[in-house]
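Subject: Structure handover

Hi,

Here is the structure I promised to pass on.

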Amino acid sequence: MTPLLVGIGIGRDFVLPRQTLFTPGVVRHAVVDASLSVGVGESVGLIGESGSGKSTLVRILLALDRATAGTVEFDGRPIAPGTASSLRWFRRQTGVVLQDPYASLDPRMRVLDIVSEPLRALDIPGNHTATVIETLDRVGLTMAVLDRYPYEFSGGQRQRIALARALVHGPRLLVGDEPLSALDVTVRAQILELLAELRDEMGLALLIVSHDLGLVDHLADRVAVMNGGRIVEQGATSDVLRSPQDPYTQKLIAAVPTLD
Ligand SMILES: Nc1ncnc2c1ncn2[C@@H]1O[C@H](COP(=O)(O)OP(=O)(O)O)[C@@H](O)[C@H]1O
Ligand SMILES: [Mg+2]
């Protein structure tokens with residue numbers, strides 16, 4: 001498989017504020033020697049309990065945070081936090097959806113402005129309104145929503161709008177950090193189906209962080225498991241979820257009785 005996003009030996013230490021004047025600052029090793037890659041058109045799931053380092057690793061892979069060790073490459077080019085213009089080529093090829101569809105959409109902006117924003121920010125030529133309408137259609141929304149505001153929508157509809165904004169510029173990789181966690185069960189299933197459809201229709205590569213093993217089972221070709229900042233196991237989804245080798249993965253999966 002042709003590699004698209006490749007992180008090698010990633011580490012991230014946070015120095016926590018000193019508790020008293022006379023004690024040294026404590027270093028928290030949020031991510032330790034983690035290597036994770038996503039191939040062209042590949043879907044990768046990243047699982048692990050809360051606090052295991054998933055979001056920190058993803059932020060580094062997206063050049064939103066600087067690693068204290070290791071390297072990240074996209075399409076063979078090194079990635080690190082930098083100016084908007086130095087990262088524009090990378091931002092054009094990636095889209096991001098976060099957990100909370102309430103916090104991630106600017107309440108003062110209309111849907112048209114929200115979804116077209118990346119086209120402006122990334123200097124993408126063409127008729128932006130037409131591109132927005134096309135993208136809304138992809139995520140199951142009509143042009144009737146263009147002039148409306150986020151508060152007028154339910155959580156599931158908002159997550160569709162957030163997805164449209166993540167996809168409007170035609171990225172090759174979509175990264176989701178717990179993209180369904182804030183949604184009701186029934187809505188979650190609809191958005192999950194939508195993600196699978198988009199992946200298949202657009203040939204998107206996916207990197208999805210989730211503690212929902214059902215989602216990962218449905219969506220991911222490969223899974224990586226994090227515990228205490230380290231990737232303790234990774235492999236084909238069916239291998240990792242059905243015959244986990246690492247004791248931590250075994251415990252994680254045993255805690256989900258419904259996975260068949
Ligand atoms: N900015 C930060 N400063 C200090 N510690 C942080 C910071 N961000 C994350 N951490 C710590 O790093 C660890 C991993 O956090 P995170 O990546 O958010 O885990 P996850 O996404 O798996 O829940 C946690 O112990 C968290 O408290
Ligand atoms: Mg997280």
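R199 and D200 make one through their side chains, at 3.0 Å from N to O.

Some housekeeping. This is a predicted model, in which local features need pLDDT of at least 70 and side-chain atom pairs count only at pLDDT 80 or more, while totals for chains, interfaces and linings use all residues. Residues are numbered from 1 along each chain as its sequence is written, chains are lettered from A and ligands numbered from 1 in the order in which they are written, and side-chain values use heavy atoms, with hydrogens and water left out.

**Salt bridges**

Searching the whole structure turns up 10 salt bridges. For burial I use relative accessible area: buried is under 20%, exposed is over 50%, and partly exposed is in between (1.4 Å probe, protein chains only). In the R199 pair, R199 is buried at 15%, whereas D200 is exposed at 55%.

R172 pairs with D75, and their closest N and O atoms are 3.0 Å apart. This one joins distant parts of the chain, 97 residues apart: R172 sits in the loop between α5 and β7 (173–177), and D75 in the loop between β4 and β5. (Helices here are DSSP runs of H or I with at least four residues, strands are runs of E with at least two, and both are numbered from the N terminus.) Both partners are partly exposed, R172 at 30% and D75 at 40%.

D147 and R110 also form a salt bridge, at 2.6 Å from N to O. Again distant parts of the chain are linked, with D147 in the loop between α4 and α5 and R110 in the loop between β6 and α3, 37 residues apart. R110 is partly exposed, at 26%.

**A buried lysine**

What about K54, which is buried yet has no salt bridge? Its nearest side chain of opposite charge is E178, 4.4 Å away; for charge, Lys and Arg count as positive and Asp and Glu as negative, with His and the chain ends not counted. K54 belongs to helix α1 (residues 54–61). A polar atom of the K54 side chain lies 2.8 Å from the backbone oxygen of G48. Leaving out residues up to four places away in sequence, K54 touches L46, I47, G48, E49, E178, V209 and M226, where contact means heavy atoms within 4.5 Å.

D75 is in the loop between β4 (69–74) and β5 (77–78), and D123 is in the loop between α3 and α4 (128–138).

**The largest pocket**

The pocket search runs on a 1 Å grid over the protein atoms alone; a pocket is an open set of points with protein on both sides within 12 Å along at least five of seven lines, and lining residues have an atom within 4 Å of a point. Lining the largest pocket are 17 residues, with R91, V96, P118, R165 and H169 nearest its centre. Elements giving two or more residues to that lining are β6 (94–97), α3 (111–121) and α5 (155–167). β6 provides the largest share, four residues.

Cheers

How values were computed:
Salt bridge = Lys/Arg side-chain N within 4 Å of Asp/Glu carboxyl O. Polar contact = N/O pair within 3.5 Å; in protein donor to acceptor, adjacent residues only side chain to side chain. 1 Å grid on protein atoms, 1.4 Å probe; cavity = no way out; pocket = protein on both sides within 12 Å on 5 of 7 lines; lining within 4 Å.
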